[in-house]
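Okay, everyone, let's get started. I'd like to talk about a helix pair and then a cavity.

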Amino acid sequence: MAKLLDLIPAVLKMKSWILSLLLICISCTWRTQAEFFTSIGQMTDLIYAEKDLVQSLKEYIQAEESKLSKIKSWAEKMDALTMKSVSDPEGYLAHPVNAYKLVKRLNTDWLELENLVLQDSTSGFIANLTVQRQFFPTEEDETGAAKALMRLQDTYRLDPETMSKGKLPGTKYRSSLTVDDCYGMGKTAYNEGDYYHTVLWMQQALKQHDEGEDATITKAEILDYLSYAVFQFGDLHRAVELTRRLISLDSAHERAGNNLRYFEKLLEKERVAKLLNKTSAVTESAVQGGVYERPADYLPERDTYEALCRGEGVKMTPRRQKRLFCRYHDGNRNPHLLIAPFKEEDEWDSPHIVRYYDVLSDEEIEKIKELAKPKLARATVRDPKTGVLTVANYRVSKSSWLEEHDDPVVARVNHRMQHITGLTVKTAELLQVANYGMGGQYEPHFDFSRKDEPDAFKRLGTGNRVATFLNYMSDVEAGGATVFPDFGAAIWPQKGTAVFWYNLFRSGEGDYRTRHAACPVLVGCKWVSNKWFHERGNEFLRPCGSTEVD
């Protein structure tokens, strides 16, 4: 911000220099045209020329003052904003709208400021901005941030008005989306071929614009996207209505004119079809009132999964509740736990899921986070066909892997998990630490490899993942539950606790009921760490049962 404020005197100095140069140029012009004094008629032309110069000079001054005012206003706004955000970075970014707007500012808004400043000789600022930009979010980041907001919107059934006003539960900071922000959301959806969210966000942008909110985007630009997205849903009548409104604002809009003629032609065909008692499939696909159905996607249990994330549809009946207990757990009289056993609580009866309390101390959590942060990278999933790790849109988080030699706390936590579970960590995977950012999630998945992917863990040589031990290293203000769509369980993060379940039956067969998901984080910053125990080395610690499903 200091560099921006330092820019103002330089711009004023430059303006003064240009004004002097203009006066010198005018003076030189007069000298070269000195013979004009011999003809009053000719000199009158100079009067008009001077008037034109003065008008041009005033327009230049006005333009420069406007630029200067914009730069100063931006600097003051950013100074106030960064003072608030720097005081509590994680808390500030816990609000997903703040996170989205930060990404948007650095990828889009600062670039617009750069273009404004580039019109002047501000080499120092531009050089600094150019150097810093290599660390800025990219277009891909802005798209990802926008899609994260849409994911939260869908999962938690939040309408664009609620999202735009930042009315989210558990928020420490209030943040809102402007007309231009809503337009940016809609445009991102449009570029992704997502007409459902295009309609929602362009409608919100238009609503705020109609209410008189300041914006750089015009209503015509919003209507251009909205009318076409509505047409994609087969709502011809509304597409025509919106396109006519667009043309009333911009009669020279060529594409809108062509679209209107095409839409009206389709409407005429539809009218004729009705007269002939034929049903129009196009009209049937539209939902009346400007509300459209969310298209189905690749995830069969989408509705169940998202309902559980909202705390709906949890199948914890009174009868099942009576079968759940809490107790002290000493790891089958493990010497390390006899004096200080862990508090164990049943979260679910079948499959058996338990929660342990006070597994990690605050000091251990902070140390693990400190070790993990420099190594964080986009979390990956194992390709079921090749066994190769790759990134996927259904897993949005960053993770790192910690080894025991990284710090004594890692070895201590590993051995603690071994004592609690009674399983060996010698063949377990490294301690994985994950941080879920805005809208961070991991859609329904299995931790173990299925029969159609036998080579998933072949490289490790330790067999399948027999069990999962998941440590919650933060509280989450809203969202972020671990849910099991198959049997309707939802487990909410609680700092310092851990949950444990077996992925395989004693026979070695996979327990397909354990398909689970990490719900999108609505508000907050979610940190977890987990240990995956494997079959090898645990043959006698968890011997086979007498049946396939023991």
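**Helix pair and cavity**

So, α8 and α10 cross in a left-handed way, meaning the near helix is turned anticlockwise from the far one by less than a right angle. This is a predicted model, where local features need pLDDT of at least 70, side-chain atom pairs count only at pLDDT 80 or more, and totals for chains, interfaces and linings use all residues. Residues are numbered from 1 along each chain as its sequence is written, and side-chain values use heavy atoms, with hydrogens and water left out.

Back to the helices: the axes of α8 (residues 179–191) and α10 (residues 219–232) come within 11 Å and cross at roughly 35°. Axes here are lines fitted to C-alpha atoms over the stretch in contact, with angles from 0 to 180 degrees between N-to-C directions. Helices are DSSP runs (H or I, at least four residues), strands likewise (E, at least two), numbered from the N terminus.

Who touches whom? On α8, Val179, Tyr183, Lys187 and Tyr190; on α10, Glu221, Ile222, Tyr225 and Tyr228, with contact being heavy atoms within 4.5 Å.

Now, the cavity. A cavity is a set of points on a 1 Å grid, over the protein atoms alone, where a 1.4 Å probe fits but cannot get out; lining residues have an atom within 4 Å of a point. Of its 18 lining residues, Tyr436, Tyr442, His445, Leu470 and His516 are closest to the centre. Which strand gives the most to that lining? That's β18, with 4 residues.

Key:
1 Å grid on protein atoms, 1.4 Å probe; cavity = no way out; pocket = protein on both sides within 12 Å on 5 of 7 lines; lining within 4 Å.
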